[in-house]
Amino acid sequence: MDLRKPKIFDDFEIDNQVGVVHYLSHQKSVETITQKTKNPHLDIITSGPVPPNPAELMLSETMSEFFTEVKQKYDYIVIDSAPMGLVTDTFNLLKFTDATLYLSRQNYTKRGMLSLINENYRKGVVPHLSLVFNYVRQSKTLNYDYSYGYGYGYGYGKSYGQGYHETQTKSFWQRFKARFSSRKS
């Protein structure tokens with residue numbers, strides 16, 4: 001659901017030729033945009049080509065129809081979205097979620113972004129919020145059992161999206177895929 005800067009399809013070795021954009025613009029069905037992965041228990045619907053009107057598509061009634069249809073088909077739906085706080089798209093998706101995971105990376109995520117998320121949580125805008133603090137590296141300079149530091153990417157002070165999904169050894173989605181594929185049927 002990151003209709004502005006889709007990336008995760010690479011992590012699953014699938015393409016982004018068709019996706020949710022085609023469903024939202026009444027061009028394709030859920031069946032035709034759903035892609036099988038190498039894991040028999042995991043299907044993916046990519047974003048598809050970047051549309052000229054992502055916010056308009058996200059606010060359409062067709063988005064509600066999309067989630068109604070996929071909720072009937074799947075037990076669990078994981079939505080990858082644009083970084084929360086940079087664009088309103090992600091906030092528009094909250095009405096379709098049961099839980100929200102905010103991924104934060106040590107020495108990458110800006111402290112101001114956490115403040116924004118915390119404020120929206122307190123106001124009830126982001127219900128059922130959990131924070132995942134990943135890519136944690138213990139500092140060798142401190143004699144404590146923990147280290148402290150913030151740094152945010154997600155385009156803060158840059159153009160949208162520049163910096164997020166940096167090349168790493170393994171992305172969140174690669175780790176997710178590995179964890180998911182180790183499940184027994």
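Which residues form one aromatic cluster? The cluster is made of Y23, F66, F67 and F96. The model is predicted, with local features needing pLDDT of at least 70 and side-chain atom pairs counting only at pLDDT 80 or more, while totals for chains, interfaces and linings use all residues. Residues are numbered from 1 along each chain as its sequence is written, and side-chain values use heavy atoms, with hydrogens and water left out.

A search of the whole structure finds three aromatic pairs, where rings of Phe, Tyr and Trp (its six-membered ring) pair if their centres lie within 6.5 Å, and planes under 30 degrees apart count as stacked, over 60 as edge-to-face and the rest as tilted. F67 and F96 make a stacked pair, at 4.5 Å centre to centre with 20° between the planes. Because F67 lies in helix α4 and F96 in the loop between α5 (89–93) and β3 (100–105), this pair ties together parts that are 29 residues apart in sequence; helices (H or I, at least four residues) and strands (E, at least two) are DSSP runs, numbered from the N terminus. Both F67 and F96 are buried, that is, under 20% relative accessible area, with exposed meaning over 50% and partly exposed in between (1.4 Å probe, protein chains only).

F66, leaving aside residues up to four places away in sequence, touches M1, V20, Y23, V30, I33 and I45, a contact being heavy atoms within 4.5 Å.

At the strand β4 (residues 129–134) the reader finds F133, which at 38% relative accessibility counts as partly exposed.
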